[in-house]
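How do two protein chains meet, and what lies along the side that one of them turns to the other? Please look through the structure shown below with these two questions in mind.

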2 protein chains.
Amino acid sequence: MINSDNAKAQMRKGVLELCILSILSQGEAYPTEIIDKLKETKLVVVEGTLYPLLTRLKNTGLLSYRWEESSSGPPRKYYFLPEIGQNYLNELQLSWIELVNAVNTTIQNTK
Amino acid sequence: MINSDNAKAQMRKGVLELCILSILSQGEAYPTEIIDKLKETKLVVVEGTLYPLLTRLKNTGLLSYRWEESSSGPPRKYYFLPEIGQNYLNELQLSWIELVNAVNTTIQNTK
DNA sequence: TATAGTACCTTGCTATACATAGTAACTAAA
DNA sequence: TTTAGTTACTATGTATAGCAAGGTACTATA
C-alpha cells in the first residue's frame with residue numbers, strides 16, 4: 001500500500017497558525033503548554049516549528065507576551081492575544097470553515 | 001486590518017491532491033474540466049499548479065489516463081483512478097476527516 | 001559541584017504551491 | 001489566410017511551512 005503519511009503532513013500545514021491563535025484566545029500560555037494542548041487533539045508539533053511561528057506572529061503584532069518567573073526552571077514567556085490578534089483569528093476561523101465546506105462538497109459529490 | 005489572504009492560501013495547500021483524486025473517483029476528466037469543477041467549490045487552481053500535480057500522481061501510479069479526440073480542439077488527456085489510486089484516496093479522506101475533527105476541537109474549546 | 005529537568009531559540013533542509021511566461025497543436029469562423 | 005478559441009505541456013524563480021537537530025540558559029537537588 002502506498003504511504004499517505006506525507007500527504008497527511010501536507011494537509012496539516014496551514015492550520016497550525018489557526019490552532020495556536022485559537023488556543024491563546026482561551027487564555028495565555030507558554031510554548032510547552034501550547035505543544036501539550038495540541039497533542040491532546042493529535043496535532044503534534046515540535047519546538048522547531050512552534051518557536052519560529054510564535055516569533056513571526058509576535059513580530060507582526062498578532063501576539064504579545066510577558067515574562068513570568070517559574071519555580072521549576074527558567075522563566076516562561078506567556079503569550080496572549082491582543083485585540084488585533086483576536087480580530088485576525090476571527091478571519092482565520094471563517095476561512096477554515098469555508099475551506100472545510102469546499103473540500104467536503106468535493107468529496108461528497110464522489111459518493 | 002491585517003490581511004489573512006496568505007494564511008488562507010496556506011490552508012488550501014495540501015488538500016488539492018485530495019480534491020483532485022476525489023473528482024476523478026467520480027469519473028474520468030481532463031485537466032480543464034478538473035479546474036472548472038474546483039472553481040465551482042471556490043478552490044481556484046491554475047494550470048501551473050495542476051499539471052505538475054497530475055504528472056506526479058501519474059508517475060507514482062495513483063493516476064492513469066487515456067487520449068481522446070475532441071471535435072473542438074486538440075486531443076484531451078482523460079485521467080482516471082486505477083484501483084490503487086482509489087485505495088489511496090480512501091486513506092486521504094480518512095486523514096482529512098481526522099484533521100477536521102482535531103482542528104474543530106481546538107477551535108471550539110475557545111468558545 | 002555535577003546532574004537532571006525545564007524552557008527558549010537557531011540553522012539548515014525538504015516539499016509544496018504559486019506566479020508568470022512561454023511553446024505547440026488542432027478546429028472553426030471571419 | 002488569418003484570427004480566435006481550446007487544450008496540453010514546460011520552465012523558472014519565489015514564498016512559505018514544517019521538520020530535524022543542535023545550542024544556550026536557568027533552577028533545584030543530590
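In this predicted model, 42 residues of chain B are in contact with 42 residues of chain A. The size of an interface is often given as the accessible area lost when the parts come together, and for chain B and chain A this buried area comes to about 3700 Å², of which 72% is on carbon and sulfur atoms. Across the interface of these two chains the rule finds zero salt bridges, whereas it does find four residue pairs in polar contact, with both residues at pLDDT 80 or more.

Three elements of chain B, namely helix 1 (5–12), helix 2 (16–25) and helix 5 (83–108), each give two or more residues to the side that touches chain A. Helix 5 of chain B gives the most to this side, with 16 residues. The table sorts the residues on the side of chain B that touches chain A by class.

| Class on the side of chain B that touches chain A | Count |
|---|---|
| Nonpolar | 19 residues |
| Polar | 16 residues |

Just after helix 2 of chain B, Gly27(B) takes a positive phi of about 150°.

Terms used. Residues are numbered from 1 along each chain as its sequence is written. Chains are lettered from A and ligands numbered from 1 in the order in which they are written. This is a predicted model: local features need pLDDT of at least 70, side-chain atom pairs count only at pLDDT 80 or more; totals for chains, interfaces and linings use all residues. Side-chain values use heavy atoms; hydrogens and water are left out. Contact means heavy atoms within 4.5 Å. Buried area is the accessible area (1.4 Å probe) that two parts lose on being put together, summed over both. A salt bridge is a side-chain nitrogen of Lys or Arg within 4 Å of a carboxyl oxygen of Asp or Glu. A polar contact is a pair of N or O atoms within 3.5 Å; within protein, one must be able to donate a hydrogen and the other to accept it, and residues adjacent in sequence count only if both atoms are side-chain atoms. Helices (H or I, at least four residues) and strands (E, at least two) are DSSP runs, numbered from the N terminus. Ala, Val, Leu, Ile, Met, Phe, Trp, Tyr, Cys and Pro count as nonpolar, Asp, Glu, Lys and Arg as charged, and the others, Gly among them, as polar.
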